[in-house]
Amino acid sequence: MGAVLDLVRVLFEPGAVFDRVRERPRVLVPLLTVMVVSLVLGFLARPYIVAAITAVMAQRPAGASGGPSPETTATLQIVGSAVFLPLIVLIAAGILWIAVSLFGEQANYRKLLSVQVYSLTLYLLQAGAGLVVLGLRGVESVSSPADLQPAFGLDLLVPNATGYLGAVLKGINVFSIWGVVVQGIGVTRTHGTSRETGYGAAALAFVVSLLVFSLFALLQPSS
């Protein structure tokens, strides 16, 4: 139970959480908890996802048919996002491991994997904030997949940016920056590094991860 509660505690006492991670890295239980919460948030957002998929399908050429319904596609996307989350976390932790190593430290992958998992709390926080914004706007405001991701960062400055650039700009927001700080503290506490090294490694890993994972935006259907 403590490993689950630490997903909340990491927001206001990250140092204490990562001191515990240094002694006993936790991965499975907090990761499963994040997956379950992400599923809950996903299904709460399902009406908006269905609206976005319906808008995309409406642009198909006349007479085009076949494939699952918007409702089925939305469900598959929600479940798929949760199922593939562990793979993304493993890759992101690997990038963080490389970043810490580049700073001349003896990186411990298991500890960094635990740091990465606990930083997912910010991912859930952003998803929850996005759901609140969508709720305030209403389902009728969703006319494309882009509408499913309210602006919280640099995308506010370039609202018309799409594709890879749009994904990069969306990725630089208040939640991701908070996540870098949390990971920086995590590296510092779990590996006994200086603050400069901890925050530097976390920032480097964030930039590389952002550039890599933003490539998925190229696979998304355009509105």
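What percentage of the 223 residues in the protein is buried? Buried residues make up 42% of them. The model shown in these figures is predicted.

Figure 1. The secondary structure consists of 11 helices and zero strands. Read along the sequence, the pattern is therefore α-α-α-α-α-α-α-α-α-α-α. The radius of gyration is 19 Å, close to the 17 Å that the globule rule gives for 223 residues, so the protein is as compact as a globular protein of that length. Along the principal axes, the C-alpha atoms fill a box of roughly 60 × 35 × 30 Å. Among contacts between residues at least 6 apart in sequence, 70% join residues at least 24 apart.

**Figure 2. The surface and the charges of the protein.** The accessible surface comes to about 11700 Å². Carbon and sulfur atoms account for 67% of this surface. Side chains of opposite charge can pair when their charged atoms come close. The structure holds six salt bridges, and the views below take up some of them.

Figure 3. The side chains of Arg22 and Asp19 meet in a salt bridge, with 3.0 Å from N to O. Both residues lie in helix 2 (residues 14-23), where they are three residues apart, about one turn of the helix. Arg22 is partly exposed, at 32% relative accessibility. Asp19 is also partly exposed, with a relative accessible area of 24%.

Figure 4. Arg189 has a relative accessible area of 34% and is partly exposed. A network of salt bridges links Asp19, Arg22, Glu23 and Arg189.

Figure 5. The side chains of Asp155 and Lys170 meet in a salt bridge, with 3.2 Å from N to O. Asp155 is in the loop between helix 8 (120-137) and helix 9 (163-171), while Lys170 is in helix 9, and the two are 15 residues apart. Is Asp155 buried or exposed? Asp155 counts as buried because its relative accessibility is 7%, and the cut-off for buried is under 20%. Lys170, at 22% relative accessibility, counts as partly exposed.

Key
Residues numbered from 1 in each chain as written. Predicted model: local features only at pLDDT ≥ 70, side-chain atom pairs only at ≥ 80, totals over all residues. Heavy atoms only, no water. Helix = DSSP H or I, 4+ residues; strand = E, 2+ residues; numbered from the N terminus. Rg over C-alpha atoms; globule rule 2.2 N^0.38 Å. Buried < 20%, exposed > 50% of the residue type's maximum accessible area, 1.4 Å probe, protein only. Contact = heavy atoms within 4.5 Å. Areas by Shrake-Rupley, 256 points an atom, 1.4 Å probe, with all protein chains shown as cover. Salt bridge = Lys/Arg side-chain N within 4 Å of Asp/Glu carboxyl O.
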